[in-house]
Structures are given as structure tokens and as C-alpha cells.
Amino acid sequence: MALSAFEKIGRLPDPKDNSAIAVCEIEEGTQILFNKRKIVIANRIPLAHRFAVNPIKKGDFIYSWGQAFGVALRNIDSGEYLCNETVLAEFSKRSMSSQFPDSPNFENYIQPVNLEQQLHLGKQVPLYPVQKYFEGFDRGMRGVGTRNYIIILGTSVQSAGFVRRLADSFKGISKRFPNIDGVVPIAHTEGGYGESPNNLNLLLRTLSGFAVHPNVGAILSIDYGSEPISNAVLKTYIKENNFAIDEVLHQFYSINGSYEQAQKEAAHIVEKWLPSLNQIHRTPQPLSAIKIALQCGGSDAFSGVSGNPLAAWIGKEIIRYGGMANLAETDELIGAESYVLANVRSKETAERFLQISQRFKNWAKQHGHSAEGNPSGGNILRGLYNIAIKSIGAARKRDPEVRLDHVIEYGEAMKEPGFYFMDSPGNDPESIAGQVASGANLIYFVTGNGSITNFPFVPTIKIMTTTERFDLLNGDIDVNAGHYLDGEPLESLGKKTMLLTQKVLSGEKSAGEKAGHSQINIWRNWYNDGSVELSRLSSEDTLAGNPLPLRYQLKKTPLFYQAVQSDGKCLPEQIGLVLPTSLCSAEVAKIMADRLTEQGVGKEYGISRFVALNHTEGCGSSSGTTMDMYIRTMLNHLLHPNVSIAVSLEHGCEKTHNSYMRQELTKLGDFSKKIGWFSIQLDGGIDQVLQKAISWCQTNAALLTSGPSKKTNAKNIRIGILTRGSLPEQLENTLLLFLKMLLDAELSVIIPENSTPLKNLISRELLANSQALPTLAYGQQALNSGLHVMATSFATLEETMTGMGGCGVQIIFSFLKNHPISVHPMIPVLQVSWEGNRRNPFQSDFDLILPLDCAQGSRQLVDMLERVLSRKYTPKNNVCHNTIYQISRGMRGISL
């Protein structure tokens, strides 16, 4: 067999390394010429994985980039595939185990931190004597904008659905006003209910940073006035912390009446701003005004070889012109501390960096996790075996010549030139939100798998690490750093990227902006502030699922509705579901569902609509019980009785990829759902995956058999009932009668654990043992008919509805004292108030106002139930798409 040149087979990031990265699939038996000697490959080596180039003795370190990331468990010969338990487990999840070794040959290692030995104080790279310019928006003391947006800011999750719909009404506004880049929503998951959240300060700091960001031409901040994070709270924080809000066209608006009227009033405010904002023009601005965010996501083994060094080269250039660069993702520098400390401004800066790193580790530990659990399934599959090797590559977003000058909190403003480290989780969207709040007006995003993440009002330049992946996804990526691996000098590639940068800064759309989708997630709240020991937390595991015992004999009086017929079943509705397996495919899932609905796919076969369940989970969060809750809830939505056809849409590099979801689904037993499995990355990008999935839906919807509507017994239909706030006596009596009618008709009723007054009512009046303990875990299917309580584990109302959806409820009744809430996008949610609450300014937004007479009220509820099940009435908030789908992380869940 002919010898292959090492350069065609592998890369050695550092001459001292004893492990190399495979630049292609390497077959067993391949012979390589390395340092004038022959190496024979002992096992198949996947692309981007590592193999030994020198013999490694048991107990010796394994190196990459000159740093140790593993310890040999046995003697390892040259040419052997290097694998740990993590990568073998990932192969198992993807049904690939038979192709690789049965046992690992190294264990993970993280180099200890020794400040005295590793700290080197350095000088910053010198400034260029001549400045370069781009066309930007001069915002005075706020800095220079690279875009001109109006943002509609929801102060909390309560107004998230409202701001999304309001922003949607201004789609395409740039056609009328070409100097305005758009109207975008800042709809997030935080600050909605209960007491002040643990992430209060970072949340206020982030929202304030958004409000005064130089890419923002105007901001409309919207609340209901009753949230922990309200306009009043935000205004006070902005004033006390000297944010330049008076330099921004702005208004604070509180919803205090009809939803539709509030939409009109808010839209009128925005309309008044448009002519004056359109008069703002770009003018020449220096590169010293640029503040870049350095990010990576969907990383692979080549991120630290090509993509991250290219981003670092650009960062060095920006700093040499007097600008700023911001590196984040605290847990993705664990194991790379020695590289970070090798060039620092001062000992105080180094100590601050290590303090934040240790704080992050302690925070993870108090929730029962390790910050070392960061690498996703896609990271591992593409050669990033553990946090050390991921961090060693991630740290290369700082050029070794560039000095670390500043260490700041999440969302803290960058004020002086130089290189910054900002505290954040490794969760890409959450980290980016903090960098933008810090002032970043351009984002560099390096990806090895092909992440398609974009931010709403700051442009993102995406850099791909390899030519092979760039060719697959070139419609969604801006720069091919794989040219460096192919032989182009880094400086040559850097200069080309710098030219593109100046064009994007001056208004040319990046690939992500052309794609027209974006997302925003702020560092999510955590429930354990350290005061609760993990051993005292209640279990979040699956429960037995047996209904609560009643103290009386059921009358078995049937209720009926007009059902649709599908494949021999009678259902209230046939739904097509697009299920994003992680947060990173959520926006594309929404685009897909909207197109399928607009095109009427499956309409003639009984499908009423397609729904996407956009969420913030599946990657960048902790494992354990949090992941169990997530998987259980997602798969049970896939198996929901109203879902007739479904698409599982993976991003491609997340923890919960399609192969993992398939394996978990198989554990639940046989099922007859028509499910299509698609990947944004592996199917060739956004346009390609949309075409393929829509074609699959068209074909498979035609295989459904449907018949005319049929009067059907509602037995076993699952009803969810939740309450917020105290219940007046009249409503208790009405609810009690309604519950008995449902149970007598042999319907299943699911009540969330956090609806305490309702839970107390059924304990007192209906149960044999007076103990309304949970019978279902959060998101667990209610397979046994009867009365159930679903465990909620610190879930908000939005998270509660999502959990109830996982239980299989087909309609939810929500009894609310104040304003209606955003609702589940897939499940009809009836919002109910009562006559004694007539002073409520939101009365017209409720679906039903109950009378004082209990018997009459309970009959109205049953009548409304029949109308919704028979598709004669659609609840108001479902009609206006004031919806949200948010999964609880429980008491142990955190971002990583």
C-alpha cells in the first residue's frame, strides 16, 4: 500500500502534540508518512477525530495545541484512534457503536490553574497610524450603529406574544422606509411571575443595554404593569445606572385594556416614528467605533485550527484600529486558563477572570451539575471529546498577540478600547444577548457543524471551519475558513474577510440577514440560589400515572361532540406538527409550519393547520432531570392524540439530535405516527431543508384517510384546568360542578400542582384520601383516565401549559383574575373570568364570563367545551396567535 502524506490526512495544531486531527475519513490500514516514519492506522478514524502520532504510555498525557486534554488508560500505539467514554456514548446514541472500539483508551483531564506560574503580563498590540472607515449611524454618546432598527421590547415573558405580533405587523417596512432596517421584537422568557428572579440584575442590565444600543433607532417598551420586571422597574434601573435613554427615541407603554385595541395603540406609536427615523442616514465612521462579539457554536475539531484563528485575526485588526472585541462563554474556557493567562493586562484582571470562572463552577455545582458537561452531541461527533479540548480551541478566538484587558459581567457595557472577557453560559443565543447588551455592533460566529443562529438587530458574519461543510451550507454562511486548511495563508484570508466586514458594517446584508430569521434568548433564570440542598428537592422523575381516588361513584353520564375522522380514529382536530429538536432549529421550524399552513398542505385530508413549537431548550443547558423533563415533554407532544403528521427538525449539532430523539421514542413502544426526520445542517441548509420537508409533508398527508364529522362520545378526552390567584366562593362552586360533570362523563382531567386553590378544592371536596399529590410528572402522558395532578416543579404559567400539553390535554381552561395570558400554540386555551370581576379592563379579551349562578356557569363551561372540541369556536388568544411554548427546567436546570 502506498504511503499517504500526513498533510493530506491530518493536522497537528502544535509541534509538541502527540495526537493529530483527521482532515478526512481514514480507513483502517491506511499508511501515513509522518516525520520520516510510517504510521499504520489501526482503526477507522472519523473526520475531525484524533489519532496518536507517537506511542503514548499508560498514564501519560495526550496533547493538542500543546495542552493536555486526556490521560492514557493503557499503552496506545501510533495510529490508534483516540476515544473516551463520552464519544463512545455519543456513537451509541446514533447507532454507530459497531464501527468503533468497545472501550475508551483515555480519560478526560483538565490542566490545573496555577496563577503564579501561568500569568504573563503583556502589552496590547500597537495601534495603526492611519484609520479606516465604514458607513454607519452616528448615535452621539451611544456610539455608532451598524443598523437602524426599531425594537419592540417586552419587559417580561408576559408580553412576549404581544410584541411578536406587533413586530410582525411591520414586516417589509424597509420597502416603504429604506433607511430603516426593520421592526423587530425582543420577546424573551424571563421576569414574568412571582417574586424577583435570581437573574434580576443581569436581566435589567441586559434590557437596558438593548434600549440604548447604537443599532436601535427607537424603542417601544411594553408591559402589563404587574410583572416583577415592569416598565416602572426598568425605567428606575435605567435612570439609576445612567443609561443614555434620553438619546433614544423611546416610549414606555402599558397594556391596560383590550388586546386588539392595545395592538392598534402601540402600532400607532411606531407609525409616528417611521418618517423621522427614515431621515437618518449613514455617514463615514472610524473602525475604532466597532465593538465585535466573538462567538462559536456547533463547533468541531477544526474550530480551533481555522475558524477561531480567523476570527481572532479580525479581532486583532479591530483592536489595532482602536476598537473593542468581546469573548464570552465562561464554561468554554475551562481547561484553557493557561492560554488566557499567557497575555493579560494585570494581575487584578487575571484574578477577576479566575474568580468568575470559579463562580460559574460553584453555581453549576449547587444545581447538581458540572460546567464540564458543556459539549453538545454535535461537538462530540465532530471531534470535541470533552470540555478541555473544546475550550483549548475556543480560546483561539483571541490571538496570542492580543492582551486580555478587561473582565466584565454579563451585559456590562464595554467602555474602553481593547479585548474583553464577558461572563456568560456557553449557550450561544444567551451568550450573544449579553455581548450585544455590552455594546457589540457586529457578531463573528464561528461554526464547524453549521450553526444558523442570528440576532435580531445586530448583523452576524458566520465563519465555517471546513470547505466540505461550507459547500454543503454556503447559502447560510458568509466565510469559508476551510481555505486555510486547503493551503491559503491566514493573512490572505483575513484581509478578504476584513473587506467583507467593512461592507456588512456599511449596510450590506450578511447571509443570516438575507435568510430573514433570528432569535433572542437571555440567560435564563435559575431557581436554586444556593439556599436549598439538592437532597431536599422533590423528585422530577416519571410517576406511576394512576388517577386520584374519588370519594364518590361516577354517574357515567356521557358528553358528545362532532369529531373529525382520521385513520379510523375520532379526534377534535387533526394537526400537523413541526417539532424543533433544539432552540437552534426553532425559528426555521416556525418558517416551515407557516409555509405548510399557507400552502394548505393536507387540508383536503383533514389537517387543519401546522404548528411549530418554538422553545429555548435542547442544547446549552444542563442534563440529568432537566433533560429528562425536556425529552419527556417534547416526545409526548409528538405523540399527542391530535397530531396526525409530524416533522422532527434538528439543527444538527445539538444534544437532542434526531438519532437521540428516535432512540428515546422507541423506548416508549410502538406508535403509528407519520414522522419525517430532517436536519438543517445535513440536508444542506435552510432552503434545502424547507423544500425537502414540505415535499415529504405533501406526500404523507395524502396517505391519511379521513371521513365526515361524526357525533362522538367525549370519553377519554383530556381536559386541562389551571387557575391563577385566589378563587372566590362562587367560582369554587362552579368549578366543582364542572369537574363532576367532566368526571361523570369519563373524561380525564389534569390539574397542575401550582394551581394551589384548585388543588385544595379537589382535596377537600372530591378525593377519598384528601391528598391531591401529583400523579403525573411534568409533561408525562396521562394514559389512565381519571383525575390527575401534574407536578410542576417551579414552572411558570407558560411552562405549566407546555407541561400539560405533554400530558396530552386537548383543551385547557384557564381561570384568571387579571389579564389573559399567552397560550399554548397547539392546544386551544379558553380564558375564563367571572361576573364579580367586572371592573377588570381586560374583560373583552376573555372567552367566557361566568355568571354568579353556579349551575348556569357550569353548563356554560360544558357548552363551551363542546363548541371547541367540535371546532365551532376557537379561543381568542389562539386566533390572534398570542402564543408561547416554554419548557420548564425544574429546580435543577441551568444554562451551560
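**A chat about the model**

Modeller: Let's start at Ser376, which sits in the loop between α10 (347-366) and α11 (377-381). Helices (H or I, at least four residues) and strands (E, at least two) are DSSP runs, numbered from the N terminus. This is a predicted model, where local features need pLDDT of at least 70, side-chain atom pairs count only at pLDDT 80 or more, and totals for chains, interfaces and linings use all residues. Residues are numbered from 1 along each chain as its sequence is written, and side-chain values use heavy atoms, with hydrogens and water left out.

Colleague: Is Ser376 buried or exposed?
Modeller: Ser376 is buried, because its relative accessible area is 4%; buried means under 20%, exposed over 50% and partly exposed in between (1.4 Å probe, protein chains only).

Colleague: And what is Ser376 in contact with, beyond its sequence neighbours?
Modeller: Leaving aside neighbours within four places in sequence, Ser376 contacts Cys619, Cys653, Glu654 and Lys655. Contact means heavy atoms within 4.5 Å.

Colleague: Cavities next. How many turn up in the whole structure?
Modeller: A search of the whole structure gives six of 30 Å³ or more. On a 1 Å grid over the protein atoms alone, a cavity is a set of points where a 1.4 Å probe fits but cannot get out, and lining residues have an atom within 4 Å of a point. Grid points are joined across faces, edges and corners, and a volume is the space filled by probe spheres set on the points.

Colleague: What's the volume of the largest cavity, and which residues lie nearest its centre?
Modeller: Its volume is about 190 Å³. The lining has 20 residues, with Gly298, Gly426, Asp428, Cys619 and Gly620 nearest the centre. By class, that lining has seven nonpolar, 10 polar and three charged residues. Here Ala, Val, Leu, Ile, Met, Phe, Trp, Tyr, Cys and Pro count as nonpolar, Asp, Glu, Lys and Arg as charged, and the others, Gly among them, as polar.

Colleague: How much space lies in the second largest cavity?
Modeller: About 60 Å³. Its lining includes Glu617, Gly618, Tyr630 and Arg889, and by class has three nonpolar, five polar and two charged residues.

Colleague: Switching to helices: which residues of α20 are buried?
Modeller: In α20 (residues 658-667), they are Asn658, Tyr660, Met661, Glu664 and Leu665. They lie on the same side of α20, because they cover an arc of only 155° around the axis, the arc being that of the directions from the helix axis to the C-beta atoms.

Colleague: What do those pack against?
Modeller: The buried residues of α20 pack against α2 (85-93), β26 (574-580), α19 (625-638), β28 (643-650) and β29 (674-679). Thr666 and Lys667 are exposed, on the face turned away from the buried side of α20. After α20 comes Gly669, with a positive phi near 100°.

Colleague: Which non-glycine has a positive phi near 70°?
Modeller: That's Glu329, in the loop between β18 (324-327) and α9 (337-340). At 1% relative accessibility, Glu329 counts as buried.

Colleague: And where is Glu746?
Modeller: Glu746 is in the loop between α22 (729-744) and β32 (748-752). Its phi is positive too, about 65°, although Glu746 is not a glycine. Glu746 counts as partly exposed, at 24% relative accessibility.

How values were computed: 1 Å grid on protein atoms, 1.4 Å probe; cavity = no way out; pocket = protein on both sides within 12 Å on 5 of 7 lines; lining within 4 Å.
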